[in-house]
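Reader: I am new to reading protein models, and I would like to go through one slowly, feature by feature. Could we look at it together?

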Amino acid sequence: MKLSNFATHLTTKCGLSAAQLQQVLPHIKTKKIAKGEYLLKQGEVCSHFFFVEQGLLRMYALNEEGKENILQFATENWIVSDRGSVYFQEPSSYYIDAVENTQVILLNDSFITQVANINPDFRKKNEQLLHNHIRQLYKRISQLLGASAKSRYLDFVRMYPDIMLRVPQWMIASYLGITPESLSRVRKALAKENFKPNS
């Protein structure tokens, strides 16, 4: 089973050498999930971080009316999890499911410890990635509280440049915290400005 994305992640982002990577590979656990299948449901305790080797996941919560509020998409090379549930062993408030047929790498404390024993710098590199994720979450919260629908959409395009044709428009609207109608208006206005999402 080829794990090219995760192998590249370990060498380029986490600093493992080719020899160290060969030591790590036997400890890697993978899981394939079909489109629509869940990795996590509300009320369950999340026990892993999920690295997307191939495919597309989304993490969402349900509001009091049962409407989905999408917190995050995770495409290839992204990591998604309910960190609070993992670290505090609390029931999760979130769902994580597959938007496409997906293969994930299952990461937990045991794996992180094994890799850190092979490469002592790994834990520090991993913490840097975590802090960057937290920084992005703060930015996202700030946008939801104060940015215009147009600004939110443009930031979405920058963050997820390859996702526009992979998810339905209502999911994008849910992520942006706007209605599908508002999203349509934003896209039409940008089209008049000759804006192209992949340009």
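Reader: What volume does the largest cavity have?

Author: Before the number, the ground rules: this is a predicted model, in which local features need pLDDT of at least 70 and side-chain atom pairs count only at pLDDT 80 or more, while totals for chains, interfaces and linings use all residues. Residues are numbered from 1 along each chain as its sequence is written, and side-chain values use heavy atoms, with hydrogens and water left out. On a 1 Å grid over the protein atoms alone, a cavity is a set of points where a 1.4 Å probe fits but cannot get out, whereas a pocket is an open set with protein on both sides within 12 Å along at least five of seven lines; lining residues have an atom within 4 Å of a point. Grid points are joined across faces, edges and corners, and a volume is the space filled by probe spheres set on the points. Here the largest cavity has a volume of about 60 Å³, and a search of the whole structure finds one cavity of 30 Å³ or more.

Reader: Which residues line the largest cavity?

Author: Its lining consists of Arg140, Gln143, Leu144, Arg152, Asp155, Phe156, Tyr175 and Leu176. The elements that give two or more residues to this lining are H5, H6 and H7, where helices (H or I, at least four residues) and strands (E, at least two) are DSSP runs, numbered from the N terminus. For the classes, Ala, Val, Leu, Ile, Met, Phe, Trp, Tyr, Cys and Pro count as nonpolar, Asp, Glu, Lys and Arg as charged, and the others, Gly among them, as polar. By that division the lining of the largest cavity has four nonpolar, one polar and three charged residues.

Reader: How many residues line the largest pocket, and which are the closest to its centre?

Author: The largest pocket holds about 900 Å³ of space. It is lined by 37 residues, and the closest to its centre are Ile79, Arg83, Leu129, Leu130 and His133. Helix H5 gives the most to this lining, with 13 residues, and the lining divides into 18 nonpolar, eleven polar and eight charged residues.

Reader: And what is the volume of the second largest pocket?

Author: The second largest pocket has a volume of about 530 Å³. Of its 24 lining residues, the closest to the centre are Met59, Leu71, Tyr94, His133 and Leu137. H5 again supplies the largest share of the lining, here with seven residues.

Reader: Which residues of H4 are buried?

Author: A residue is called buried under 20% relative accessible area, exposed over 50%, and partly exposed in between (1.4 Å probe, protein chains only). In H4 the buried residues are Phe111, Ile112, Val115 and Ala116. They cover an arc of only 135° around the axis, which puts them on the same side of H4; the arc is that of the directions from the helix axis to the C-beta atoms. These buried residues pack against H1, H2, E8 and H5.

Reader: In what order do the four strands of the open sheet stand?

Author: Two strands pair if DSSP finds at least two bridges between them. The order is E1-E8-E3-E6, with antiparallel pairing. E1 and E6 stand at the edges, each with a single partner strand, so one side of each is left without a neighbour in the sheet. Between E1 and E8 there are five bridges, and Thr30 has Ile105 in E8 as its bridge partner.

Reader: How many residues lie between E4 and E5 in their hairpin?

Author: Five residues lie between them, and Gly66 in the turn has a positive phi of about 85°. E4 and E5 run antiparallel and are joined by six bridges, with Leu62 partnered by Glu68 in E5.

Reader: What is the phi of Asn77?

Author: Most residues other than glycine have a negative phi. Asn77, although not a glycine, has a positive phi of about 80°; this residue is found in the loop between E5 and E6 and, at 41% relative accessibility, counts as partly exposed. Gln89, also not a glycine, has a positive phi of about 55°, and Gln89 is exposed, with a relative accessible area of 53%.

Definitions and conventions. Contact = heavy atoms within 4.5 Å.
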